[in-house]
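Me: Please take a close look at one strand in this model. I would like its neighbours, its surroundings and some context from the rest of the chain.

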Amino acid sequence: MKVEFFRHNIDEEDKKRVLDVLDSIFLTTGSVVAEFETEFSRYVGLPFTVGMTSCTAALHLSLLAFDIGEGDEVITTPMSFCATSNAILHAGARPVFVDVERDTGNMDASLLESKITDRTKAILPVHLYGQMCDMREIRRIADMHGLIIIEDAAHAVESERDGIRVGHLADAVCFSFYATKNITSGEGGAVAVHDAQKAEVLRMLRAHGIDKTAGDRYTKKYQHWDMPLLGWKYNMDNIQAALLIGQLHRIDALWQRRKMLWDLYRRELSDCRAVELMGERKGARHAMHLFTVLAGGDRRDLVLSSLQDREIGVAVNYRAIHLLSYYAETFGYRRGDFPVAEEIGDRTVSLPFYPKLSEEELMRVVRNIREVA
Ligand SMILES: *Cc1c(COP(=O)(O)O)cnc(C)c1O
């Protein structure tokens, strides 16, 4: 039996919520999305959440909502999924990469200031694998230079560090509910903000820039609508929201289960010299989204292939973005430009990790790593 790389957590209660939506007349953005947004806001401790079709959409519209576009530079990390820097390009701005910390893979705040120019408008940190960046330091630097912060918290719904919850020191924080994320609707995302006006702009931007919602048109008497600005078609629908509400209620229990598995992996692999574990910052709540190890030297691809031959699901999160063909060709990046991100990108292996993983399956992964790494 294969040890799957990921299995979701949709349960009977979630299916029932989806069936209730299917039995209703209203499938698109309506009261179920509003209910999810209210509950999600409460969970992350920020006043406004706007549901989107993806985290990529949330990042794109957050940049637009803060007037970031043509001619602007946004400092971000090359150690992320390409969605992060792609969203900057979608907004018309230029991603400027800064290298990462060797032990965590997170944006190295001590290198940030060397990347700031007259064109820099924003910083876009990513909380890699669920461990938060040094947001106090990043906020301090942003304030000194008048910069916006938009956090990519696709891995980090549950995270906290130095007494700061995810997104609390940012201007906007974006989340993903993609198929393999900690809570999922297959595809989905959201942005949370402090500011009511920004939330209103984001609500318009997710629906073509129209000033009345489909929900308004459905629940109230018909009114003509206007389109004051050019938006996109990025609105979360009631079916996605129905899938997420129950998972949000269980989110801390799901985290507890992952923590048990996380601690077990770390204990079992601590004396395995063939792989290296990632570092963990003290005083933090790690969201524990992806469990990754660094394979020795140039053995990574061999480890990937051998584990798959032994029916163990694996993934790579991530090969450094600046070396992907489009980035290398468009911006002239080369190997050596961000050496720490490159080293992690060359050596990282993500192991099966999710609440439904059994301890027996985890031990089988550990045994196989010991044999192949
Ligand atoms: C998954 C992911 C995204 C993109 O999320 P989507 O919802 O698929 O758009 C962005 N950033 C990071 C770090 C991710 O892991």
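Reply: A crossover is right-handed if, with the strands pointing away from the viewer, the path from the first strand over the helix to the second runs clockwise. Strand E4, helix H5 (residues 135-145) and strand E5 make a β-α-β unit of that right-handed kind. E4 is the part to examine here.

The model is predicted. Mean pLDDT for the protein is 97, and 100% of its residues reach 70 or more. Confidence is highest in strand E8 (residues 172-176), at a mean of 99. Helix H7 (residues 214-219) has the lowest, at 78.

Start with the setting of E4. The strand covers residues 120-124. Four of these five residues are buried, so E4 is largely enclosed by the rest of the structure.

Next, its partners. Strand E2 (residues 73-76) runs parallel to E4, and four bridges join them. In this pairing, Thr 76 stands opposite Leu 124. Strand E5 (residues 148-152) also runs parallel to E4, joined by two bridges. Here Ile 123 stands opposite Ile 149.

Thr 120 lies in E4. Its relative accessibility is 8%, so Thr 120 counts as buried under the 20% cut-off. Leaving aside residues up to four places away in sequence, Thr 120 touches Glu 73, Ile 75, Lys 115 and Leu 147.

Glu 73 is buried yet has no salt bridge. The nearest side chain of opposite charge is Arg 119, at 5.0 Å.

Elsewhere, charged side chains do pair. The count comes to 28 salt bridges. One of them joins Arg 7 and Glu 361, with the closest N and O atoms 3.1 Å apart. This pair links distant parts of the chain, 354 residues apart: Arg 7 is in the segment before helix H1 (12-23), and Glu 361 is in helix H13 (residues 359-372). Arg 7 counts as partly exposed, at 31% relative accessibility. Glu 361 is buried, at 18%.

Asp 11 forms a salt bridge with Arg 250, the closest N and O atoms being 3.0 Å apart. Asp 11 is in the segment before H1 and Arg 250 is in the loop between helix H8 (238-249) and helix H9 (251-269), so the pair ties together parts 239 residues apart in sequence. Asp 11 is partly exposed, at 24% relative accessibility. Arg 250 is buried, at 18%.

A further salt bridge joins Arg 206 and Glu 37, with closest N and O atoms 2.9 Å apart. Arg 206 sits in the loop between helix H6 (196-205) and H7, Glu 37 in helix H2 (residues 31-44), and the two are 169 residues apart. Both are buried: Arg 206 has a relative accessible area of 6%, and Glu 37 has 7%. Finally, salt bridges with shared partners join Arg 102, Glu 276, Glu 343 and Arg 347 into one network.

Conventions
Residues are numbered from 1 along each chain as its sequence is written. This is a predicted model: local features need pLDDT of at least 70, side-chain atom pairs count only at pLDDT 80 or more; totals for chains, interfaces and linings use all residues. Side-chain values use heavy atoms; hydrogens and water are left out. Buried means under 20% relative accessible area, exposed over 50%, partly exposed in between (1.4 Å probe, protein chains only). Two strands pair if DSSP finds at least two bridges between them. Lys and Arg count as positive and Asp and Glu as negative; His and the chain ends are not counted. A salt bridge is a side-chain nitrogen of Lys or Arg within 4 Å of a carboxyl oxygen of Asp or Glu. pLDDT is the predictor's confidence in each residue, from 0 to 100. Contact means heavy atoms within 4.5 Å.
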